[in-house]
Amino acid sequence: MLSLVAFSGMLGANTQNPTQPQVGQSAPDFTLPSAQGGPVSLKDYKGKWVVLYFYPKDFTSGCTLEARNFERDLAKYQNQSAIIVGVSADTAQSHKDFCTKEGLNFKLLADPELKAITQYGSAMEYNGMKMAARNTFLINPDGKIARVYIKVNPAVHSDEVLKDLAVLKKS
């Protein structure tokens, strides 16, 4: 019983999944439908910093808080030549409704088949539903993973990414 408790505690640890892209590796490309309807590919943003964040579900408290904070800081990201892209297993229509309700002005991409979510080692199951775990990948202008954030705290995550982005851009 004790080993089971220890093992479950390890699963909750803030450690990177071996299937996730590692810092320094090329970010896996993907093409997914956006809330605006058209397809979006990661390669569309070559030459820019990309905050690629995966989140479980539109209209839920943590996901709404995280999205609102990215929206609050959108001008700061734009000043750093960074793009924010959110991905979940929700549909493009759900994303469109979520963007409208929350006034979001960055791209949300639909991945109901969990293709990109799985490529980034961010698929999980919750109450029998497959969805994205709350992970973020900061991708540099060369298309390489610059920073990986696992099981992020939505209340402070945008601030954390902005600080890291400023440091990475100086190096």
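Trainee: Are tyrosine 53 and phenylalanine 70 buried or exposed?

Mentor: This is a predicted model, in which local features need pLDDT of at least 70 and side-chain atom pairs count only at pLDDT 80 or more, whereas totals for chains, interfaces and linings use all residues. Residues are numbered from 1 along each chain as its sequence is written, and side-chain values use heavy atoms, with hydrogens and water left out. Relative accessible area, computed with a 1.4 Å probe on protein chains only, is under 20% for buried residues, over 50% for exposed ones and in between for partly exposed ones. On that scale, tyrosine 53 and phenylalanine 70 are both buried.

Trainee: What angle separates the ring planes of tyrosine 53 and phenylalanine 70?

Mentor: The structure holds 11 aromatic pairs, where rings of Phe, Tyr and Trp (its six-membered ring) pair if their centres lie within 6.5 Å, and planes under 30 degrees apart count as stacked, over 60 as edge-to-face and the rest as tilted. Tyrosine 53 and phenylalanine 70 form a tilted pair, for which the centres lie 4.6 Å apart and the angle between the planes is 40°.

Trainee: How many residues apart in the chain are tyrosine 53 and phenylalanine 70?

Mentor: Helices (H or I, at least four residues) and strands (E, at least two) are DSSP runs, numbered from the N terminus. Tyrosine 53 belongs to strand E3 (residues 49–54) and phenylalanine 70 to helix H2, so that this pair links distant parts of the chain, 17 residues apart.

Trainee: How many residues apart in sequence are the parts that phenylalanine 54 and phenylalanine 137 tie together?

Mentor: These two rings form an edge-to-face pair, at 5.9 Å centre to centre and 85° between the planes. Phenylalanine 54 counts as buried at 0% relative accessibility, and phenylalanine 137 also has 0%. Because phenylalanine 54 lies in strand E3 and phenylalanine 137 in strand E8 (residues 136–139), the pair ties together parts whose separation in sequence is 83 residues.

Trainee: Which residues have the most contacts inside the largest nonpolar core?

Mentor: A nonpolar core is a set of buried Ala, Val, Leu, Ile, Met, Phe, Trp, Tyr and Cys residues joined through side-chain atoms within 4.5 Å. The largest such core has 24 residues, and those with the most contacts inside it are Tyr53, Tyr77, Ile84, Phe106 and Leu108.

Trainee: What covers the buried residues of H4?

Mentor: In helix H4 (residues 92–102), the residues Ser94, His95, Phe98, Cys99 and Glu102 are buried. Seen down the helix axis, they fall within an arc of 135°, so they line one face of H4, the arc being that of the directions from the axis to the C-beta atoms. On the other side of H4, Thr100 and Lys101 are exposed. The cover over the buried residues includes helix H2 (61–72), strand E4 (82–88) and strand E5 (107–110).

Trainee: Leaving aside its neighbours within four places in sequence, which residues is serine 158 in contact with?

Mentor: Serine 158 is found in helix H6 and is buried, with a relative accessible area of 2%. Contact means heavy atoms within 4.5 Å. Beyond neighbours within four places in sequence, the contacts of serine 158 are Asn69, Phe70, Arg72, Asp73 and Tyr77.

Trainee: What average pLDDT does the protein have?

Mentor: pLDDT is the predictor's confidence in each residue, from 0 to 100. Over residues 1–14 it stays under 50, and for this stretch the model has five contacts beyond four places in sequence. Of the residues, 89% score at least 70, and the protein averages a pLDDT of 89.
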